[in-house]
Each structure stands twice: as C-alpha cells, then as structure tokens.
Amino acid sequence: QDGSATAVPSDGVEYLVSTSVGGQSLNLDFDTGSADLWVFSSELPSSDLSGHSYYTSSDSSTFQSLSGYTWDISYADGSGASGNVGTDTVVIGGTTVEGQAVELAEKVSSTFVSDAADGLVGLAFSSINTVSPTPQSTFFENAQSSLDSPLFAAYLPNNADGAYDFGYTDDSKYSGDITYTDVDSSNGFWEYPSTSYKVGSTTHSQSGYTGISDTGTTLILMGDSAVTAYYDQVSGSSYDSSQGGYVFDCSADLPTLSISIGGNYATIPASLLNFGTASGSSCFGSLQSVGSGTQNIYGDVFFNAFYGVFDASGPSFGFATV
Ligand SMILES: O=C(CCCl)NNC1=[NH+]CCN1
C-alpha cells in the first residue's frame, strides 16, 4: 500500500519521521546510506535514554525474538551502535510491513545519545545489512511487493517539513522532469558515476569518482581536489580544524556547485552552500571533504534542492528540482 510520511527537520542536522514499531511511536532518521533498521530500546543503559523515545519489546504483542541474532554497525562519520534482533510490525505513513527485522540497541555511541533520532531506518541495499548470522531485508525491500511501483522518494526542503513517499512520485513536490541514472548497487549503496563537477560555470573532471545518494549524511562530501577548487573561489575561506571544516565570512559571495549524477548536472544554489554560523561572523560550508577514496557522498543539502527518487527496478536514481 502506497503512502507518504512527513519528515521533520531536526536541529538542522537530520529529518525525522514518526514511525510505529510494534505500536510504539519513535522518531527515526531515514538513511539511504545504510541498511539496518535499529531503535533505541529498553536494553540500553538508562543514562543513554534521556530525551529519547525507545522500544520495549515486552510491551509489543507482535514482537518475535530472533534468537542468537546480533548486529553491529559503524557509520562513515565514526558513530555506531549494536545489539540484538527480533521482528515486529512497522508502519510508515500508509505502508505496513509485518515481520520486519527490528534491531534493538544495547549500545549506542555518544553521538546518538545526544542526537534527536530514536533510531535509523536503513534504505540502502540489504547486502550491507549487519545482522549476523543472516543479513535482514530493509523496510523498503519488504514493502516493495505491496507498492504500486517499487520505489520511494525523498523530499527534504530546507528548514521545512518534507516527506518520504513510498510507491509513487508526487509531482506536487518538484518541478520539471525527473532525470534518472542507472545505479550500481554492488557496494550496497544507491551509487552512480560522478566524474565531473562545476564550480560556478567552470567544469572540472574527477575521473573514476562515484556519488552516493545518502539521506543519512547532512552535508555534501567530495574529494579534496573538488573541495579545494570550490573554496579557492571563496575569498577569505579557510580550513579551520577547530570548527572541523572549511569556513568563510558569512557575507562571502559563494559560487554554485554542480555535481554530475550519471551524465547530468545537478546545480546546488549558492544559498544552500552556506550551512550557517560556525562562530562569530564565520559560517560553515555545506561542502566538506569526504577524506580518502573516490566515493562522494551527497547528503541532505542535496535533497534540500532536489526531490530524490530511489527506484528498485533497474535500479536507478532520479532527481528533479524542488
Ligand atoms: O554512513 C553513512 C555514509 C555511507 Cl556512504 N551514511 N549514513 C549515516 N548514518 C548515520 C551517519 N551516517
């Protein structure tokens, strides 16, 4: 059954979706860059639970334990969590999955304790699900057969309520056409070639690079050559290790950044490339370094500008202007 769930921006870092797990409501972070559905649970130390809603399996009449199953995930930003596993009924918007693998946290890293999310819904491919001894399917994979089309879409406008649509694309949320590109899911991500970019109107190549569409990452993370090329065009910008990235004067005139998605450019407006005040009159850039490797990560700032369509037939990824 198709449906749409509201995604609420939370302290500018993520978008949370109210989700029912065994009849218990939790605010979860939908993450197209990972494939585990995990929740804060009553098995955590009580000191980790303050400020969070959490799942208590013994309060759910539909919970079934998966005896001996465990999970342990580490994210690219260094955060992580681990615990045990069961199944329960999960409802998101109008879409229900019975027997969904629900990963109960027994441990979470400090970032999650201080973060608003009560857990994550992984929407990447189950080839990277961390459950042992048997990787589990994602909510989307389990829901696919009940959807009109095997796709979901992310609508995450800047500083405003957005949505995740399941089973259909909603043309009231974008303008123009949706441009699709083939996805290579061999690494478990919604990944595609991303071999060039533009800083303003100047084109640069980044041969061999790919991009990953990742709603679980906040910023746009690219290779150091692209980041350097961009901030070379922002007078007064600098890398400030104490702030953890590139900063510039808040009055700086920023160029646009166009990223290639398959063979097509998506242009991020300059306004979205200023992530906001770092300290005093210095502002933090929405473009930062991904570090090593050739996989760029296109996070929520990308989705602030583009409606993103994740289509399992193909698979393919599509984008359209918000
Ligand atoms: O871990 C990544 C990067 C995958 Cl390429 N994204 N997902 C996520 N969830 C929490 C922090 N980051």
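In what order do the four strands of the open sheet lie, and is the pairing parallel or antiparallel?

Guide: This is a predicted model, in which local features need pLDDT of at least 70 and side-chain atom pairs count only at pLDDT 80 or more, while totals for chains, interfaces and linings use all residues. Residues are numbered from 1 along each chain as its sequence is written, and side-chain values use heavy atoms, with hydrogens and water left out.

The open sheet has the strand order 14-13-19-20, with antiparallel pairing. Strands here are DSSP runs of E with at least two residues, and helices are runs of H or I with at least four, numbered from the N terminus; two strands pair if DSSP finds at least two bridges between them. At the edges stand strand 14 (202–205) and strand 20 (264–268), each of which pairs on one side only. From one strand to the next, the twist averages 25°; axes are lines fitted to C-alpha atoms, for helices over the stretch in contact, and angles run from 0 to 180 degrees between N-to-C directions.

Strand 19 (residues 257–261) is joined to strand 20 by five bridges in the antiparallel sense. Within this pair, Tyr265 in strand 20 is opposite Ser260. Helix 4 packs on the sheet and touches strand 13 (196–199), strand 14 and strand 19, and its direction makes about 15° with that of strand 13.

The largest nonpolar core has 68 residues, and Met222 and Phe302 have the most contacts inside it. Helix 4 (residues 224–231) gives the most to this core, namely five residues. In soluble globular proteins, nonpolar side chains tend to be buried together.

With neighbours within four places in sequence left aside, Phe302 is in contact (heavy atoms within 4.5 Å) with Ile220, Ile259, Ile261, Ala266, Ile268, Phe317 and Phe319. Apart from this core lies another, of 14 residues, including Leu49, Phe112, Leu120 and Val131.

Notes. A nonpolar core is a set of buried Ala, Val, Leu, Ile, Met, Phe, Trp, Tyr and Cys residues joined through side-chain atoms within 4.5 Å. Buried means under 20% relative accessible area, exposed over 50%, partly exposed in between (1.4 Å probe, protein chains only).
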